[in-house]
Amino acid sequence: QDAIIKNVALGKNIPVFDAAQEFSGMDWAFYDHVHFLPAGSEAMAEFISSKLKEILIDSSRLKQAEAKNFSSPPQGCTILVKKFCGNTHSICYNAR
């Protein structure tokens with residue numbers, strides 16, 4: 001099942017956080033085979049937050065690179081400029 005989930009996610013460009021692999025053999029983290037002890041909960045939170053941070057940093061770098069290379073909108077696009085979280089974003093849409 002894990003392989004199917006990973007393949008589908010990768011095919012759709014969705015990040016996968018393999019917590020099972022990350023926590024394999026870490027008996028100190030678990031109360032039983034499913035439930036975390038407090039230290040395990042903290043370790044899981046750190047694992048997830050570090051993965052999300054990587055995604056956000058990569059996404060921010062990609063957006064900055066795209067913004068530098070953006071000279072004119074693609075044919076048929078209307079540009080809508082929105083302010084979001086203190087940043088200005090250009091959105092290309094085609095209203096049909």
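Start with the contacts across the whole chain, where a contact means heavy atoms within 4.5 Å. Among contacts in the protein with a separation of 6 or more, 19% are between residues 24 or more positions apart. The model is a predicted one, in which local features need pLDDT of at least 70 and side-chain atom pairs count only at pLDDT 80 or more, while totals for chains, interfaces and linings use all residues. Residues are numbered from 1 along each chain as its sequence is written, and side-chain values use heavy atoms, with hydrogens and water left out.

**The whole chain**

Switch to a cartoon view. The protein has three helices and two strands, in the order α-α-α-β-β along the sequence. Helices (H or I, at least four residues) and strands (E, at least two) are DSSP runs, numbered from the N terminus.

Now show the surface. Accessible areas come from the Shrake-Rupley method with a 1.4 Å probe, and for residues only the protein chains shown count as cover. Of the 96 residues, 7% count as buried. Buried means under 20% relative accessible area, exposed means over 50%, and partly exposed lies in between (1.4 Å probe, protein chains only).

**Stop 1**

Select residues 2-11, which make up α1. Is this helix largely in the open or largely buried? Of the 10 residues of α1, one is buried, so the helix lies largely in the open.

Next, select K6 and D18. The structure holds one salt bridge, a term for a side-chain nitrogen of Lys or Arg within 4 Å of a carboxyl oxygen of Asp or Glu. K6 and D18 form it, with their closest N and O atoms 2.7 Å apart. The two partners are 12 residues apart and link distant parts of the chain: K6 is in helix α1, and D18 is in the loop between α1 and α2. K6 is partly exposed, at a relative accessible area of 29%.

Leaving aside residues up to four places away in sequence, D18 touches K6 and F47.

**Stop 2**

Select N13, in the loop between α1 and α2. Most residues other than glycine have a negative phi. N13 is not a glycine, yet it has a positive phi of about 60 degrees. With 71% relative accessibility, N13 counts as exposed.

Then select V16, found in the loop between α1 and α2. V16 is partly exposed, with a relative accessible area of 35%. Which residues does V16 touch, not counting residues up to four places away in sequence? They are K6 and A9. For a distance to check, take the C-alpha atoms of V16 and I5: they are separated by 8.6 Å, and the residues are 11 apart along the chain.

**Stop 3: the aromatic rings**

Select F23, F30, F36 and F47, which form one aromatic cluster. The structure holds four aromatic pairs. Rings of Phe, Tyr and Trp (its six-membered ring) pair if their centres lie within 6.5 Å; planes under 30 degrees apart count as stacked, over 60 as edge-to-face and the rest as tilted.

F23 and F30 make one of these pairs, edge-to-face, at 6.5 Å centre to centre and 85 degrees between the planes. F23 is buried, at 5% relative accessibility, whereas F30 is partly exposed, at 23%. F23 also pairs with F36: the centres are 5.7 Å apart and the planes lie at 65 degrees, so this pair is edge-to-face. F23 and F36 are 13 residues apart, and each is in the loop between α2 and α3. F36 counts as partly exposed, at 28% relative accessibility.

**Stop 4: a nonpolar patch**

Finish on the surface with F17, I48, L52 and I55. These residues form a nonpolar patch with about 280 Å² of accessible area together. Patches are made of residues with over 30% relative accessible area and no salt bridge; like charges are joined within 9 Å, nonpolar side chains (Val, Leu, Ile, Met, Phe, Trp, Tyr) within 5 Å. I55 belongs to helix α3 (residues 38-69) and is partly exposed, with a relative accessible area of 32%.
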